[in-house]
Amino acid sequence: MGEIPDAGSARRHWGNAIFRRTGSVRAILLREPRSWTTQTGSTLTIPAGSWWVTSPDGDERGVDAADFPNLYQRCEADPDGVYRRHGTVHAVQASEPGTVNTREGPAGYRPGDWIVTNDGENHWPVPDARFRAEYERVSTTSTD
């Protein structure tokens, strides 16, 4: 099983592209810590003060409070906690299973999943179908 210790290593192995985040979610600020289990069976935990995000298809996940403003922007026309996904990220597609260290804990990924990096330090895996629905390619960059 592979492990991606950092985005630079991932780019060297699988190439690198820049993607724009698309779509919207519902989000609430958490008053207590919360844990959840990913599709690959990883248990992740976020502290109180983080955000709980629900996609239109019902997928739920936590987002660190420090990352939230860089990833989501409130939809002014909708007062019910709807946030638009925004910003660009680097992403690479995994060719083998492995684990990536996220702010919420180690998260497993499968071949075909995408490893997303938003600031050079924060990484998270995204299943291929979700990635294709929520990210749009902006450009391809050269590999090392």
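User: What makes a pair of atoms a polar contact?

Analyst: A polar contact is a pair of N or O atoms within 3.5 Å, and within protein one of them must be able to donate a hydrogen and the other to accept it. In this predicted model, the side chain of His-86 reaches the backbone oxygen of Pro-69 at 3.2 Å.

User: Why is His-86 called partly exposed?

Analyst: The relative accessible area of His-86 is 22%. Buried means under 20% and exposed means over 50%, with partly exposed in between; the value of 22% therefore places His-86 in the partly exposed class.

User: Where is His-86 placed, and which residues does His-86 touch?

Analyst: His-86 lies in the loop between β9 (82-85) and β10 (88-93). Leaving aside residues up to four places away in sequence, His-86 touches Arg-21, Pro-69, Asn-70, Leu-71, Tyr-72 and Gln-73. Ser-24 is 62 residues from His-86 in sequence, and their C-alpha atoms are 8.9 Å apart in space.

User: Why does Asp-67 count as buried?

Analyst: Asp-67 has a relative accessibility of 3%. The cut-off for buried is under 20%, and therefore Asp-67 is classed as buried. Asp-67 is found in the loop between β7 (60-63) and α2 (68-71).

User: Which side chains make polar contacts with the side chain of Asp-67?

Analyst: One is the side chain of Arg-103, at 2.7 Å. Another is the side chain of Asn-122, at 2.6 Å. Each of these values lies within the limit of 3.5 Å, so each pair meets the distance condition for a polar contact. Arg-103 and Asn-122 are also among the residues that Asp-67 touches, together with Asn-118 and Asp-119, not counting residues up to four places away in sequence.

User: How do you know that strands β4 and β5 pair?

Analyst: Two strands pair if there are at least two bridges between them. Strand β4 (residues 34-37) and β5 have four bridges, so they pair, and the sense is antiparallel. The bridge partner of Ser-35 is Thr-45 in β5. The two strands form a hairpin with five residues between them, and Gly-41 in the turn has a positive phi of about 90 degrees.

User: Which residues make up the covered and uncovered faces of β5?

Analyst: In β5 (residues 43-46), Leu-44 and Ile-46 form the covered face, whereas Thr-43 and Thr-45 form the uncovered one. In a regular strand, side chains alternate between the two faces of the sheet.

Note on methods. Residues numbered from 1 in each chain as written. Predicted model: local features only at pLDDT ≥ 70, side-chain atom pairs only at ≥ 80, totals over all residues. Heavy atoms only, no water. Buried < 20%, exposed > 50% of the residue type's maximum accessible area, 1.4 Å probe, protein only. Contact = heavy atoms within 4.5 Å.
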